[in-house]
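Here's a quick briefing to read with the model open beside you.

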Amino acid sequence: MGADGRLHESPTPGTLGGHRRQRIYGRLDCPAALRALARGGYRSRRVFFADEPAAVAAGYRPCATCLPDAYRNWRATPAVVHEQDQAPPPRRGSSRRS
C-alpha cells in the first residue's frame, strides 16, 4: 500500500505488514499478527508497506505488541493530529446489500 492509501503491486517486498480494517502496521514477525494469521484471521485484509513513513502517511498506527515504543509515542500524540494525518480508507464497491 502506498502513502496515498491505495493498493499497488511492487517489485520490492514490503518491510512492514498491516491490517486494512484496523489500520495497524507492524513488523512481519509480529507475534500478534502471526497468531491471527495462524488462526486463519485477516489474511484477506493484510497489506504491506515499504517502510514506516508510508504506513503512517496512509493513516495506520503502530502495533502495540511488536512496536511498543512507536505505539507509546503515537498514544502520546493528540487525537486531532492522528485524524489529520489519516488518509481516507480505500474505496471498494457499495456497502449496501440488495
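Arg23 sits in the loop that links strand 1 to strand 2. This is a predicted model, and in it Arg23 has a phi near 55°, a positive value in a residue that isn't glycine. Arg23 also counts as buried, because its relative accessible area is 12% and the cut-off for buried is under 20%.

**The hairpin around Arg23**

- Strand 1 and strand 2 make a hairpin with four residues between them, and Arg23, with its positive phi of about 55°, is in the turn.

- What order do the four strands take in the open sheet? They run 3-1-2-4, with mixed pairing.
- Strand 3 and strand 4 (61–62) are the edge strands; each has a single partner strand, so one side of each has no neighbour in the sheet.
- Strand 1 also pairs with strand 3, again over four bridges and in the antiparallel sense, and here Gly17 stands opposite Phe48.
- Strand 2 and strand 4 pair in the parallel sense over two bridges, with Ile24 standing opposite Arg61.

**His19, in strand 1**

- His19 belongs to strand 1, which covers residues 16–19.
- Is His19 buried or exposed? His19 is buried, because its relative accessibility is 9%, against a cut-off of under 20%.
- The His19 side chain reaches the backbone nitrogen of Arg21 at 3.2 Å.
- Setting aside neighbours within four places in sequence, His19 is in contact with Ile24, Tyr42, Arg45, Val47 and Tyr60.

**The nonpolar core**

- The largest nonpolar core has 16 residues, and those with the most contacts inside it are Tyr25, Cys30, Phe49, Tyr60, Cys63 and Cys66.
- Which elements give two or more residues to this core? They are strand 2 (24–27), helix 1 (31–38), strand 3 (46–49) and helix 2 (52–57).
- Cys66 touches Gly26, Arg27 and Cys30, not counting residues up to four places away in sequence.

**Rings and a charge**

- The structure holds two aromatic pairs; one of them is Phe49 with Tyr60, edge-to-face at 4.9 Å centre to centre and 65° between the planes.
- Phe49 is in strand 3 and Tyr60 is in the loop between helix 2 and strand 4, so this pair ties together parts that are 11 residues apart in sequence.
- Both Phe49 and Tyr60 are buried.
- Over at Trp74, Arg61 lies over the face of the ring, at 5.5 Å from its centre.

**Glu52, in helix 2**

- Glu52 is part of helix 2 and counts as partly exposed, because its relative accessibility is 36%.
- How far apart are the C-alpha atoms of Glu52 and Arg27? They are separated by 9.8 Å, while the two residues are 25 residues apart along the chain.
- Leaving out neighbours within four places in sequence, Glu52 is in contact with Leu16, Tyr25 and Ala70.

Notes: Residues numbered from 1 in each chain as written. Predicted model: local features only at pLDDT ≥ 70, side-chain atom pairs only at ≥ 80, totals over all residues. Heavy atoms only, no water. Buried < 20%, exposed > 50% of the residue type's maximum accessible area, 1.4 Å probe, protein only. Polar contact = N/O pair within 3.5 Å; in protein donor to acceptor, adjacent residues only side chain to side chain. Contact = heavy atoms within 4.5 Å. Core = buried A, V, L, I, M, F, W, Y, C linked by side-chain atoms within 4.5 Å. Pairing = 2+ DSSP bridges. Phe/Tyr/Trp six-rings, centres within 6.5 Å; stacked < 30°, edge-to-face > 60°. Lys NZ or Arg CZ within 6 Å of the ring centre and 35° of its normal.
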